[in-house]
Amino acid sequence: MATQLVWFKRDLRVHDHAPLVQAARSGPCLCLYLYEPELLHSPEFDASHLAFINQSLPELSRELGHRGAALVTRAGEATEVLDQLQREFAFDTIWSHQETGNRITYDRDRRVAAWARKRGVVWNQLPNHGVFRCLDSRDGWARRWETLMTQPVLSPPARIAAAAGGRSAGVCDATALGLAASERVEAVSGGEAVARTTLESFLQQRGVNYRADMSSPVQGWNGCSRLSPYLAWGNLSIRQVVQASRRRSAELKELRARGEETDRRWLPSLNSFSQRLHWHCHFIQKLEDEPAIEFHNMNRAFDGLREDAFDVQRFQAWCAGQTGYPMVDACMRALARGGWINFRMRAMLMSFASYHLWLDWRRPGEYLARLFTDYEPGIHWPQVQMQSGTTGINTIRIYNPIKQGYDQDPEGVFVRKWLPELDAVPDRFVHEPWKWENAATVLDKAYPWPILDHAQAAKAARARSAGGSAAVPVERPPPTGWLAPATR
């Protein structure tokens, strides 16, 4: 029987892995993970992504080894590596999941498809998420998604015949691949085992108040599922999470039907979580259907809106968490350390960059992609455009960074954790330190004054987004305009 090549990409698991199951039934398997220089050095990739991958690979290798196979890693351009491997193993079939990625992966897949045709190699690409290729329309999408989600979760093969021979590059670290070391020192670790533990802890304990906790960067750190990195890099399949969530809901309903007491917050929280699992694939489908939205406005009527007005100093202040707006800056610094923030704060960050700072969405989008350990192109780019107001179908939503602070972090717990330079500022001024009577002891010394007036900037952004001509303020207001009596 001819060798079957199983190409692992963003699917670093053995459970619910259809290409692995199909390949194991078809012949001896060569299991490959490929470090691709194009991806590693792309504007969206960060060493924190590599760290998560490298934490996942040893467990994947062990799980394959328990079943008789071996994981081979190589580094290089895809078609060149495949050419070399075919000479070594004479495989005639490639098995992989479909990938809805960025333009680099799209172009790479086209090259691989052409290479396979030329060599007479069959490339079987199977669905990974609830995302479907070559749709004529979105009619019936939800029904197809539901059908896929209700199919049985696939168990890994009990035994995998291994292709003989073959060298492996092992786990390649950032230095070996020409990357700077990761700065996301508090990022979560990768791997199937920790992914399953995270899912279990959410469904049994942490998720009880999810419906309320998910908006807060304080409660969300524990109350959100924290599964997004494991879905983005494939330590879990979306089907595994959907079915586990439904089993938990059914269990709670059964307990209630028997008259046993359960926390009434559970079912609404799990319902909200289930909706977001559906949206996960809904947004990836957008990029699958229209790959150009990685680069172009979804509504081309917005072309030219911000492209010629990019202020590098504002962008750098936003990246560094030095805008003078505590909630914005705390979120950026938290991301720089931990690679995660809850969804509402992500939306606020992108909104602030696009509307208040009037920055074209592409560079902020790339910067956030590098910060997010859970960077998933199919979710990221549609959301970046939605929060920037360039879709043409979504209501313009400009988040007030001060209101978000008072609403989501009323005691300043989150802000103080990430902005220790504001420790001396009283609680009632922590989100507006310029209103404190002693502001001059801190601002423009340990922490900057706001780089602009958020209310004026938001007003101007609304006018410009609607086709008006109001100019966005370039200078911050003088300090005297921001001082107020010692009340909020």
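# Notebook: loops and helix packing

I began with Cys134, which lies in the loop between β5 (122–126) and α6. I note at the outset that this is a predicted model. The phi of Cys134 is near 60°. That is a positive value in a residue other than glycine.

**Trp358**

Next I turned to Trp358, in the loop between α15 and α16. Trp358 also has a positive phi, about 55°, although it is not a glycine. Here the relative accessible area is 2%. The cut-off for buried is under 20%, so Trp358 goes down as buried.

I looked up Ala164 in the loop between α6 (141–150) and α7. Ala164 is exposed, at 69% relative accessible area. I then checked its distance to Ala70.

Ser237 sits in the loop between α10 (228–232) and α11. Ser237 is buried, with a relative accessible area of 2%. Which residues does Ser237 touch, leaving out those up to four places away in sequence? I found Arg13, Asp16 and Leu231. I also looked at His129, which is 108 residues from Ser237 along the chain. Their C-alpha atoms are separated by 7.1 Å.

**Helix α11**

I listed its buried residues, among them Ile238, Val241, Val242, Ala244, Leu252 and Leu255. Arg239, Arg248 and Gln243 are also buried. What covers these buried residues includes α6, α7, α10 and α12 (266–289). After α11 comes Gly259, with a positive phi near 85°.

**α7 against α11**

I took the α7 contact in more detail. Helix α7 (residues 192–204) packs on α11 (residues 238–257) at an angle of about 30°. Their axes are 10 Å apart. Angles under 35 degrees count as roughly parallel, so I wrote α7 and α11 down as roughly parallel to each other. Their crossing is right-handed. On the α7 side, the contact is made by Leu199, Leu203 and Gln204. On the α11 side I noted Gln240, Val241, Ala244, Ser245, Arg248 and Glu251. By class, the residues of this contact divide into 4 nonpolar, 3 polar and 2 charged.

**Helix α14**

How many residues of α14 are buried? I counted 11 of the 13, so this helix is largely enclosed by the rest of the structure. The buried set includes Asp329 and Arg333, along with Met327, Val328, Met332 and Leu335. These buried residues pack against α9 (220–223), α13 (312–320), α15 (343–356), α16 (362–371), α18 (401–408) and α19 (413–418). Helix α14 spans residues 326–338 and reaches 18 Å, close to the 18 Å expected at 1.5 Å a residue. Gly339 follows α14, and its phi is positive, near 75°.

**Two helices on α17**

Last, I looked at α17 and two of its contacts. Helix α15 packs with α17 (residues 377–388) at about 55°, with the axes 8 Å apart. That makes α15 oblique to α17. The crossing is right-handed. Phe343, Ala347, Met350, Ser351, Ser354 and Tyr355 in α15 meet Gln383, Val384, Gln387 and Ser388 in α17. I sorted this contact by class and got 5 nonpolar, 5 polar and no charged residues.

The axes of α16 and α17 come within 10 Å and cross at roughly 140°. Over 145 degrees would count as roughly antiparallel, so I recorded α16 and α17 as oblique to each other. α16 passes α17 in a right-handed crossing. From α16, the contact uses Arg362, Gly365, Glu366, Leu368 and Ala369. From α17 it uses His380, Trp381 and Val384. These residues divide into 4 nonpolar, 2 polar and 2 charged. I marked Val384 of α17, listed in the contact with α15 and in the contact with α16.

How values were computed. Residues numbered from 1 in each chain as written. Predicted model: local features only at pLDDT ≥ 70, side-chain atom pairs only at ≥ 80, totals over all residues. Heavy atoms only, no water. Helix = DSSP H or I, 4+ residues; strand = E, 2+ residues; numbered from the N terminus. Expected span 1.5 Å × (residues − 1). Buried < 20%, exposed > 50% of the residue type's maximum accessible area, 1.4 Å probe, protein only. Contact = heavy atoms within 4.5 Å. Axes fitted to C-alpha atoms, helices over the stretch in contact; angles between N-to-C directions. Parallel < 35°, antiparallel > 145°, perpendicular 65-115°, else oblique. Left-handed = near helix turned anticlockwise from the far one by under 90°. Nonpolar A, V, L, I, M, F, W, Y, C, P; charged D, E, K, R; others polar.
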